[in-house]
Amino acid sequence: MGKSNSQVVGYRYSAKFAAFIGNRIEKFLGINFDNRGWILHDPTKHPPNLLPVQKPNLYGETEGGVSGNIDIHFGTPDQEPNAEYQKYFPLVSGYPYQSYLVFRGEGGFDFAKVGGIYEEVANALGAGGRSSFYVGKSGYMKEMLLWVKRTRVRNDGSGQWYKVRGDGAVVCEIGGYYVQNSDEFEPQSFTLNAIRTYTGGQNTKTIEFNHKTMMFSPNKSGGGSGTSGQNYFEGFYEEQQYFKNTSPFDILIRVESSARGGSASQEKNYELWVGPGGVFRDSAYCRNSIYNPDSNSHVMGVALDVYFLEIREHKKFIQNDAFDINPIHKIREILTDDTAMGKPESDINDVNFMKAADRIWDEGLGVSWAIDEKSCIEAIEELCYHIEAGIRVNRQTGLYEMVLFRDDWFSEDEIHDIAENKIKDLSLEVMNSDDIVNQLNVTYYDRERIKNSTFSVYENGSILTMGHANAESVEFPYFMNMRNAEIVANWKLKQFSTPAWSGSFTTGWREARKWNRYDLIRLPWSKKWNGTILVRIIKINLGNGTDNTVTIDFEEVIPYSGEMNTSIVVDAPVELAPQPPQPSMNAVFEAPYYLTVLRAGQTNADLELSNNPDIGYVAAIAAKPQSNSLNALLYTDGGISEFEQVSRLDYCDILQLDQHITETTSSFTVTGLLTQTANSNNLILLNDELMGFVSFDTETKVLTVKRGVLDTIPKKHNSGNLFVFDLPDVAFDSTQYTQSEVVEAQVLTTTPSGIQELSTTGTAVEIQARAIRPYPPANVKINGEYWPEEIETDLIVTWIDRNRLQQTGGELLSWFDGGVGIEQNTQTRLILTQLDENDLEVATTNANVTGSTSYTMPISTMQADTRFVKVTLKTVRDSYESLQSFEHIVELSQFFSAPYDLTVEFKND
């Protein structure tokens with residue numbers, strides 16, 4: 001047989017070369033050749049500055065692969081020249097502040113950690129491995145992707161500004177966020193009473209909660225001596241309570257404990273969320289003993305712990321290496337880095353930047369980028385676009401500040417007010433009025449897929465109204481996941497799809513010269529709207545030395561909070577039959593003086609009332625009954641039985657009371673959610689009582705309010721709808737009705753397909769000249785108590801005064817707040833009605849107590865048959881009584897009082 005000849009089928013190519021990455025990096029996470037998958041740096045196996053690659057068949061049999069070692073240089077300020085590089089170029093630089101890779105041969109080495117340091121050790125290939133990096137069977141290196149990280153160090157190599165905050169969060173970097181979904185469940189809670197005993201041992205209780213088992217285990221231990229069978233110890237005693245969360249949910253534990261026999265400082269009252277797999281431990285110590293006379297010894301006091309457990313869906317950040325940088329840190333670095341804008345650190349308002357960094361970290365809006373060339377201003381603007389923010393130089397301090405366009409970024413006292421008469425010229429136009437954008441085509445970079453990805457966000461209500469989609473495109477190249485792009489795209493879609501005012505005005509008011517770009521203003525303009533609208537300063541011009549007029553360009557603020565009828569649509573939408581307009585939950589009432597002033601201004605309101613004090617206005621509020629309804633219409637019959645549209649109203653939020661509350665309850669549990677940001681300007685209407693909003697805890701659903709504000713008095717409530725509203729949510733009938741006139745009103749829901757049909761009758765509102773009536777006395781106490789059941793001594797009534805004209809600005813006063821000077825020409829009337837045991841009147845005292853805040857009726861002056869006293873307290877001015885009066889019936893305690901004779905009878909049974 002002949003011998004076959006060898007044949008060359010290809011060549012293997014190797015090379016040594018350097019590849020520059022760019023500026024300083026913190027970590028080199030991996031490399032991806034020809035998009036064939038990531039070769040990751042394993043910090044448990046490899047030195048931090050070297051990545052071994054052994055993929056000789058990565059491209060396939062025909063194309064070969066890659067093999068060799070890659071030296072990693074991070075761009076530190078004191079960086080030394082690469083040793084392999086220096087063999088060929090002895091005078092090579094160390095390239096400080098420049099990160100780069102050197103591809104060199106395998107060398108036949110593995111790595112082992114010796115004494116905490118990685119060292120090369122020879123492997124089975126021996127020391128004579130390849131001297132160059134194998135690049136494959138083609139004479140060129142294929143395209144490669146580099147995965148690097150720099151979040152905790154700055155470009156100059158120094159530590160990152162504001163790296164870690166007080167709770168341990170690494171604020172400068174943000175991980176990929178996800179929600180671990182659970183089965184749907186209703187919020188539940190239960191109470192576990194653990195009464196401590198001293199019998200030793202462990203008692204474990206298993207709790208079935210939402211079909212998940214959790215374990216509560218008291219672990220008892222103690223010191224000192226004790227007698228068998230007796231429940232006491234002498235000396236020090238310690239008990240520990242353990243709670244292990246074996247469910248996939250977060251569990252809220254509220255602890256109220258007291259060590260009886262111990263000091264007050266040993267009492268505990270706190271809350272803690274325990275995540276899946278977490279263990280909660282609580283210790284209570286009883287250092288003092290209590291004397292037991294039966295056993296002639298000291299025993300420890302029993303301590304009672306009450307544990308309230310509540311469940312919520314578990315959320316957490318993924319702990320991996322795919323971290324993004326906090327964009328606030330990146331913006332600050334662009335401002336201060338020597339290779340960028342080079343501003344001094346002292347030019348930055350660090351308190352403001354920390355607030356912004358905390359907010360962005362909490363929202364999870366991290367970014368990643370790698371850029372070749374870009375101006376600093378352009379880079380900052382792009383980052384601000386990704387997070388809906390702006391940067392400015394505060395003209396009062398000269399410091400750079402961040403402003404996040406969020407509803408609660410500015411506190412109420414930071415929002416500017418300007419009187420309408422201080423505005424010289426105002427020009428207006430409606431943004432988005434011609435062609436409302438109701439669809440956004442969103443592009444972002446998908447880190448997992450290593451490519452640009454797209455999706456679309458639709459505003460369904462607008463599309464139904466217009467009958468077609470009007471699309472725009474937005475790009476978020478620095479977002480690495482869909483979650484971040486979706487959040488910001490929804491915010492932007494809300495801006496694009498909501499008609500809002502924009503314009504400019506001029507003013508000579510000196511205070512306006514102190515304002516800054518992106519500040520908020522409550523802007524009045526009675527020719528176009530009632531009250532004020534909230535606008536943001538887009539540009540401010542202070543004029544010149546000749547003309548000191550301030551010119552301000554503004555845009556109306558579109559709230560970011562609250563739900564919008566949006567969806568992310570992949571498939572073609574299914575055509576559904578539109579839902580007809582549904583009835584709304586609403587309230588129709590006569591407007592109090594406060595709302596009349598907010599609507600028309602105090603000067604105009606007082607002028608109208610001076611001309612005709614008997615007038616009253618009908619107002620209405622309503623909650624949204626269906627998702628495709630944008631607003632509602634107020635119809636009234638004008639007192640002549642023919643309904644006509646008189647106003648349009650925006651929907652307010654509504655909560656439901658699900659517990660009994662007394663007159664003094666200021667915090668209580670409700671059902672429902674607030675979709676709009678509420679603050680101290682919001683009123684709450686519950687069964688004819690007006691309350692002031694204080695706070696709402698979305699986790700516990702506890703609503704805190706001010707009771708009995710304006711012209712109302714606190715009442716008991718068993719149930720009812722709480723309308724949470726501000727002036728823009730109120731519809732006014734501009735017709736002036738007179739006292740005793742009965743007006744019928746209807747609130748009709750609107751949808752893109754129609755309006756709710758009118759009924760033959762509506763809600764009747766009897767006009768009572770509410771706006772002119774004085775406010776009733778407040779904070780009324782009987783014998784030092786609120787609404788007591790009975791008294792045993794003289795009847796003592798105390799109260800404080802209220803003033804309708806003074807309570808039109810600032811925060812609302814609750815019924816329990818301090819007093820103010822009574823309204824001029826107003827009298828306070830106290831009526832004490834004595835009733836017998838059959839509730840029949842036996843005597844009445846009618847006293848003018850104006851100028852006083854207390855009154856005493858001695859019990860000796862009361863009739864002998866008196867069993868109850870009805871207390872009525874009200875105000876009167878010019879024959880107009882307060883709309884509501886304080887009324888309460890108190891019982892006289894008659895036990896063991898003269899002239900009754902008592903007979904004691906003894907029996908032996």
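A residue is called buried when its relative accessible area is under 20%. By that cut-off, eight of the 10 residues of strand β51 (residues 742–751) are buried in this predicted model, so the strand is largely enclosed by the rest of the structure.

The pairing of β51 can be followed partner by partner. Strand β41 (residues 632–636) runs antiparallel to β51 and is joined to it by five bridges, with Ala 632 standing opposite Thr 749. Strand β53 (residues 763–766) also pairs with β51 in the antiparallel sense, here over four bridges, and Val 742 faces Glu 766 of β53 across the pairing. Strand β52 (residues 754–755) is antiparallel to β51 as well and is joined to it by two bridges; in this case Thr 751 has Gly 754 as its bridge partner.

Turning to a helix, α6 (residues 482–497) has 16 residues and spans 21 Å from its first C-alpha to its last, close to the 22 Å expected at 1.5 Å a residue. Its N-terminal end is capped by Asn 481, whose side chain places an oxygen 3.3 Å from the backbone nitrogen of Arg 483. Among the buried residues of α6 are Val 488, Trp 491, Lys 492 and Leu 493. An α-helix has 3.6 residues a turn, so residues three or four places apart point the same way.

Lys 492 leads on to the charged pairs. Side chains of opposite charge can pair when their charged atoms come close, and the structure holds 34 salt bridges. In one of them, Lys 492 meets Glu 388 at 2.3 Å, N to O. Glu 388 lies in the loop between α4 (376–387) and β26 (389–393), whereas Lys 492 belongs to helix α6, so this pair ties together parts that are 104 residues apart in sequence. Both Glu 388 and Lys 492 are buried.

Another salt bridge brings together the side chains of Arg 522 and Glu 412, at 2.6 Å, N to O. Here too distant parts of the chain are linked: Arg 522 sits in strand β34 (residues 520–524) and Glu 412 in the loop between β27 (400–404) and β28 (416–417), 110 residues apart. Arg 522 counts as buried because its relative accessibility is 17%, while Glu 412, at 30%, counts as partly exposed.

Lys 706 and Glu 811 also meet through their side chains in a salt bridge, at 3.3 Å, N to O. This pair links Lys 706 in strand β47 (residues 702–706) with Glu 811 in the loop between β56 and β57 (827–835), 105 residues apart. With a relative accessibility of 55%, Glu 811 counts as exposed. Finally, salt bridges can also be followed through a network, which links Glu 26, Lys 149, Arg 152 and Glu 173.

Conventions
Residues are numbered from 1 along each chain as its sequence is written. This is a predicted model: local features need pLDDT of at least 70, side-chain atom pairs count only at pLDDT 80 or more; totals for chains, interfaces and linings use all residues. Side-chain values use heavy atoms; hydrogens and water are left out. The expected span of a helix is 1.5 Å times one less than its number of residues. Buried means under 20% relative accessible area, exposed over 50%, partly exposed in between (1.4 Å probe, protein chains only). A polar contact is a pair of N or O atoms within 3.5 Å; within protein, one must be able to donate a hydrogen and the other to accept it, and residues adjacent in sequence count only if both atoms are side-chain atoms. A salt bridge is a side-chain nitrogen of Lys or Arg within 4 Å of a carboxyl oxygen of Asp or Glu. Two strands pair if DSSP finds at least two bridges between them.
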